[in-house]
Amino acid sequence: MVRMAEGAGPTGLEIRLHGLVQGVGFRPTVWRLASRLGLTGSVENCGEGVRIRAFGSSEALARFRAELLAALPPLARIARIEEQPLYEEAVPQEFRIEPSASGTLAPFVLPDLATCPECRREVFSPGRRRYLYPFTSCTRCGPRFSIVHRLPYDRERTSLAAFAPCPACLGEYRNPVDRRFHAQTIACPECGPKVWLVPEGTKNFSPLARAVELLHQGKILAVKGLGGFQLLADATCEETVTALRQRKRRPHKPLALMARDLKIVHRYCVINSEEEQALSSPAAPIVLLAAKDQSLPQAIAPGLDLLGFVLPYTPLHHLLLAEFETPLVFTSGNASGDPLCADNSEAVERLSAIADGFLVHDYAIVHPCDDSVVRFMAGEMRVLRRGRGMAPAPIPLPPGFEESQGILALGGELKSSFALIAQGQLVLSQYLGDLEQVASFARYQKELRAYLELFAFTPRCLAVDLHPEYLSTKLGRQWAEERGIKLVAVQHHHAHLGAVLAEHGHPRDGGPVLGVILDGLGYGADGAFWGGELLYGDYRSYRRLAHLKFTPLLGGTKAMREPWRNLAAQLWQAKIPLAAFPPLAAKPLALVRKLLESGLGSPLTSSCGRLFDAVAAAVGVCFESQTYEGQAAAELESLAWRSDDEKAYSLAIVPGDPWQLDPAAMWPKLLTDLERGVPKETIARRFHLGLARAWSELISHLARKLDCATVALSGGVFQNRLLLEAMTDALIRLELSVWISVRVPMNDGGLAVGQAVIAAAQEG
Ligand code: ZN
Ligand code: ZN
Ligand code: FE
């Protein structure tokens, strides 16, 4: 670089933008602006984001800088901007989009984007080059994260590298006024990926037409989508839905639905404008909606008044759905518990017992992602599962974490995910399933390695759950030992709290807040299983101020699957004779009493999830068993919404250190209601309201005592909208601020976020 003599002004300006700037049409936008202002220079993707070097008059440069941020493509997110004047004498003659440079990598990769309206119009316009072409995309839409091998994000480092653009596509790629100017996923029927059917149909049919025909005939179709395979079937046909459930070995867990457009969703559900917006957003998640119409088969979502809807998010889905006036079942392409299939031969092998046909394509899905799931609760759209369309967009960290880096958090065991902190940014992986499934644990480890490579990330510090038996904990321990790096074990509910603090921008040294964490089970600092906790803490430490009274987990892990066990334990604890509750009489009560009294194989738990199970069992919901996590609680919530009763069962608030909430007091009332024939809907509601009231009273007292005005709510139990809203309303009436996760799942899918920030805060 040639430095001008003292006093001479700069000839140009270098701007480096960090954030989600690759794969959003950023370079073309910069090119257009620079060209309009008569600037020369270059724009390129580099590892850290985008680097612009612009040369011209000082007025033109000033306008460029001023207009740049206003001209950004809508999907771009800027985390940081660095500027420096340039003093080069030999300025370029034109403004160019340069091939990407390498350099240090920043943790920014755009999630996959649902088909934009322009591309959709094109696909349905006869005569256009991409008429009916299922892989139409542009700078505003299409696959991103799911196809990336390496950064910077350019076609040659994606799985589309195998498809060389044809002259027509290249023309668009090089045309500054085209929507596909520098679109890395550019493709057309001439040069791009193709779709075909396995087994092949008759020659007279296009694969898509044949696929539609199969669906109309009630067949189950495996379709390779954006993040992996989904199973599609006619949702209006009871027989088909039942067959799908049997073949998938998924008796009750609700099935998601895909509908052609919002009009169809409105037919079946009550939708507010936020829900509409979420359905139509580029992330295109599955949105859980209140069902209003019972015309779909019960088998879609047995026992629930909720339906999960998603709109078509690739041209392939749009083309299939165009032929249906009613919803299709749209569920992950796997056998129960296995990870999502993403590879053609793997899918044909593993799904052949489920699907009657396969609609596949010929580009590789590098990072399989399940569909994301959101629910509108307590005034906000909340992410319950973070997958396709959302991961791995970075989550900005609060003040104090700017210098944090090199931290890798391995998450929990159920609904696993991991998180890394690099350059003051946090990246949370997509949902990776339950690690106790061998295949899911393999997928989790594969993605973990892929992330480390993608972001050129070397962990300096590992954060894991305190539970010694979680596979993620064991993996972390092994890595820490092999690599000689630091290991931080974070208590489960403290991690839930940390995740909320981080997302709400609570500064690293912001001081303690109250946190009510209600979930299934988490390993406690005392070795017991916690799950109904009131913590007071920050990133560095916490105190356990209160918890639900410990109750035996009758038969250990069996109690997770068999709600009646929790009912027996609760009644025993409340000193109510077990035989007094007729449905329990069929159980081996002598043995049960022995286990409860001795604690044999029945460790103590303060789990709120198990309390829900007990109440569900009492009203006859999932008494014998539940086949997916949270089934009893979800069905109990649906029942409670059908009642508008305003009474609440009371739980005893027992002072101490820690304080306790004792449900024993509510059981005699509840059993009397049952005996008197009070509808189970009413009983379910009184329980929800009672629980919310008891916690709120306790919080009210402790918040005043501690002079703390903020309460965080988290844990899987709060995916229950009735409970969450009842508590939020009560706390707001007490003039407390309530913090609840929005983008980070409040279930164990968000644990890694809390672990990561807690490990980061404990450093230095
Ligand atoms: Zn598009
Ligand atoms: Zn082409
Ligand atoms: Fe949890």
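The structure is a predicted model, in which local features need pLDDT of at least 70 and side-chain atom pairs count only at pLDDT 80 or more, while totals for chains, interfaces and linings use all residues. Residues are numbered from 1 along each chain as its sequence is written, chains are lettered from A and ligands numbered from 1 in the order in which they are written, and side-chain values use heavy atoms, with hydrogens and water left out.

**Zinc sites**

The table sets out the donors, which are N, O and S atoms within 2.8 Å of the metal (3.2 Å for Na, K and Ca), with the caution that water is not among the atoms, so sites may look incomplete.

| Ion | Donor atoms | Distance |
|---|---|---|
| zinc ion (ligand 1) | C116 (SG), C119 (SG), C138 (SG), C141 (SG) | 2.3 Å |
| zinc ion (ligand 2) | C166 (SG), C169 (SG), C188 (SG), C191 (SG) | 2.2 to 2.3 Å |

The site of the zinc ion (ligand 1) is tetrahedral, with angles of 103 to 119° among its four donor atoms, and four donors count as tetrahedral if all angles lie between 85 and 135 degrees. Along the chain, the donors of the zinc ion (ligand 1) follow the spacing C-x2-C-x18-C-x2-C.

**Paired strands**

Strand β11 (residues 286–291) runs antiparallel to strand β10 (residues 269–270), to which two bridges join it, and two strands pair if DSSP finds at least two bridges between them. The bridge partner of C269 is A291 in β11. Four bridges join β11 to strand β12 (residues 306–310), again in the antiparallel sense, and here V287 stands opposite F309. With strand β15 (residues 373–377), β11 pairs in the parallel sense over three bridges, where I286 stands opposite V373.

**Domains**

The chain is divided into domain 1 (12–97), domain 2 (195–361) and domain 3 (546–707), with bounds that come from an automatic or database domain assignment. The centres of domain 1 and domain 2, taken over C-alpha atoms, are separated by 43 Å.

On a 1 Å grid over the protein atoms alone, a cavity is a set of points where a 1.4 Å probe fits but cannot get out, and a pocket is an open set with protein on both sides within 12 Å along at least five of seven lines; lining residues have an atom within 4 Å of a point. The second largest pocket has a volume of about 900 Å³, and of the 33 residues that line it, the closest to its centre are R77, A283, G389, M390 and R743. Strand β16 gives the most to this lining, with four residues.

The structure holds seven cavities of 30 Å³ or more. The largest cavity has about 180 Å³ of space, and of its 22 lining residues, the closest to its centre are P134, F135, P143, L226 and Y363. In these values, grid points are joined across faces, edges and corners, and a volume is the space filled by probe spheres set on the points.

Key: Tetrahedral: all angles 85-135°; square planar, octahedral: opposite > 155°, others 65-115°.
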